[in-house]
Amino acid sequence: LILTMTERRKPPVELIELLITAGVDVNIVTTDPKITPLIMAVTNQCYEVTKRLLAARADVDAINGSGAT
């Protein structure tokens, strides 16, 4: 999921849906910098992806490497 969002600033919503349906961890955290798919989606203004991640129970309280949510 992280790789998909890193390689494409605005990944196709259908691809994100497929990954979520396949059971990927929507709360996975990268190590450097510390970031989650939800933080990436919001930062890149991917609103449809953000909606899908929230519907899949992405953690809205996850903290990035700078200490922000």
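## A58 and its contacts

Let's start at A58. Leaving out residues up to four places away in sequence, A58 touches V26, N27, L38 and L53, where contact means heavy atoms within 4.5 Å. The model is a predicted one, in which local features need pLDDT of at least 70 and side-chain atom pairs count only at pLDDT 80 or more, while totals for chains, interfaces and linings use all residues. Residues are numbered from 1 along each chain as its sequence is written, and side-chain values use heavy atoms, with hydrogens and water left out.

## The nonpolar core

A58 also belongs to the largest nonpolar core, a group of nine residues: V13, I16, V26, L38, A41, C46, V49, L53 and A58. Such a core is a set of buried Ala, Val, Leu, Ile, Met, Phe, Trp, Tyr and Cys residues joined through side-chain atoms within 4.5 Å. Buried stands for under 20% relative accessible area, exposed for over 50%, and partly exposed for values in between (1.4 Å probe, protein chains only).

Which elements give two or more residues to this core? They are α2, α3 (37-43) and α4. As background, nonpolar side chains tend to be buried together in soluble globular proteins.

## The chain as a whole

The chain has 69 residues, of which 35% count as buried. Among contacts with a separation of 6 or more, 55% come from residues 24 or more positions apart.

## How α2 meets α4

Two packed helices are described by the angle between their axes and the distance between the axes. Here helix α2 (residues 13-21) packs against helix α4 (residues 47-55) at an angle of about 15°, and their axes are 9 Å apart. The axes are lines fitted to C-alpha atoms, for helices over the stretch in contact, and angles run from 0 to 180 degrees between N-to-C directions. α2 and α4 are therefore roughly parallel to each other; that label covers angles under 35 degrees, with over 145 as roughly antiparallel, 65 to 115 as roughly perpendicular and the rest as oblique.

On the α2 side, V13, I16, E17 and I20 meet E48, V49, R52 and L53 of α4. By class, this contact has five nonpolar, no polar and three charged residues. In this scheme Ala, Val, Leu, Ile, Met, Phe, Trp, Tyr, Cys and Pro count as nonpolar, Asp, Glu, Lys and Arg as charged, and the others, Gly among them, as polar.

## Two positive phi angles

Q45 has a positive phi of about 55° although it is not a glycine. Q45 sits in the loop between α3 and α4 and is partly exposed, with a relative accessible area of 47%.

R57 is another non-glycine residue with a positive phi, about 70°. Where is R57 placed? R57 lies in the segment after α4, and at 70% relative accessibility R57 counts as exposed.

L54 is in helix α4 and is partly exposed, with a relative accessible area of 41%. Setting aside neighbours within four places in sequence, L54 is in contact with L38 and V60. The C-alpha atoms of L54 and L38 are separated by 7.8 Å, and these residues are 16 apart along the chain.

G65 belongs to the segment after α4 and is exposed, with a relative accessible area of 56%. Between the C-alpha atoms of G65 and K34, 31 residues apart along the chain, the separation is 4.5 Å.

Key:
Helix = DSSP H or I, 4+ residues; strand = E, 2+ residues; numbered from the N terminus.
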